[in-house]
Amino acid sequence: METLHLVPGESAAESLRVALGTITTDHSAAPVQAYPDDLSSGPLRPDDPATRAQWWQTIHAHSRPDDFPSGGPIPTRFLAPTAFWERANTADRLVVWFSTAANHELAFFHAMCDRLPDRPFDIVQVSGPVGACRPKDLEPLLAAARPITEIERRAARAAWQRLEHENATFRVITPAGLASAPVDHYDAALLETAGAQGTPLAIVVGTVMATMNTADSPLYWRVAALVESGALIADGPLVINGAHVTRTRIRRA
């Protein structure tokens, strides 16, 4: 019987593959599959992969990384988690790993419950982000997998359907669970961290990442938007040759 572990991101997948002792260069055949998107950011409607991929292209447009060529086609890996669902639909047993301590991991769990409404699967709920765990942290949890209850599944599905309906820019963790947040959700923290005297871009983004539990790409995007609007002032370029100039200092206007 094939057991397939579904995890929220490639970092979590790499650690779990080591914990399972199944290191392979052919990830498509590995017993661990990483969901290829961060569902805590971006539009959820319309529910088509091209919408998600186009949004990520917009997010990265100001930095022009190699995998988002300016004016070029959207890379295939961002268009659809097709391979992920093909494996999930054929595996005999599914184990879904997630943490309620990370926005994108909790969003991943909610989406799994909505996408697999009738499919039995086990869950492993980790105290901290799975993506931050070392293989030795995950090894003892392999025996902790348990069947998801119908109450848990229904609650997660209802939450995800609400979030899809609201279709906000961000999804963030609150005491009441995952909630929608507007496009400027992180702006006040970025402005406060930058300060009036100026702070290196890397420190501003890194600080807000740590305190508000989010990824760096949307924060770099918001910094660029705040500089464009005049709310932040940069003493140099934010990007050179597709890479963020992390030593550039930014300050509140």
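1. Helices (H or I, at least four residues) and strands (E, at least two) are DSSP runs, numbered from the N terminus.

2. This is a predicted model, in which local features need pLDDT of at least 70 and side-chain atom pairs count only at pLDDT 80 or more, while totals for chains, interfaces and linings use all residues. Residues are numbered from 1 along each chain as its sequence is written, and side-chain values use heavy atoms, with hydrogens and water left out.

3. In H8, Leu 201, Val 204, Val 205 and Val 208 are the buried residues (buried is under 20% relative accessible area, exposed over 50%, partly exposed in between, with a 1.4 Å probe and protein chains only). They lie on the same side of H8, because the arc they cover around the axis is only 90 degrees, taken from the directions from the helix axis to the C-beta atoms. Ala 210 and Thr 211, on the other side of H8, are exposed.

4. Just after H8, Asn 213 has a positive phi of about 60 degrees.

5. Strand E1 (residues 3–7) is largely enclosed by the rest of the structure, because four of its five residues are buried. E1 runs parallel to strand E3 (residues 93–99), to which four bridges join it (strands pair if DSSP finds at least two bridges between them), and His 5 has Val 95 as its bridge partner in E3.
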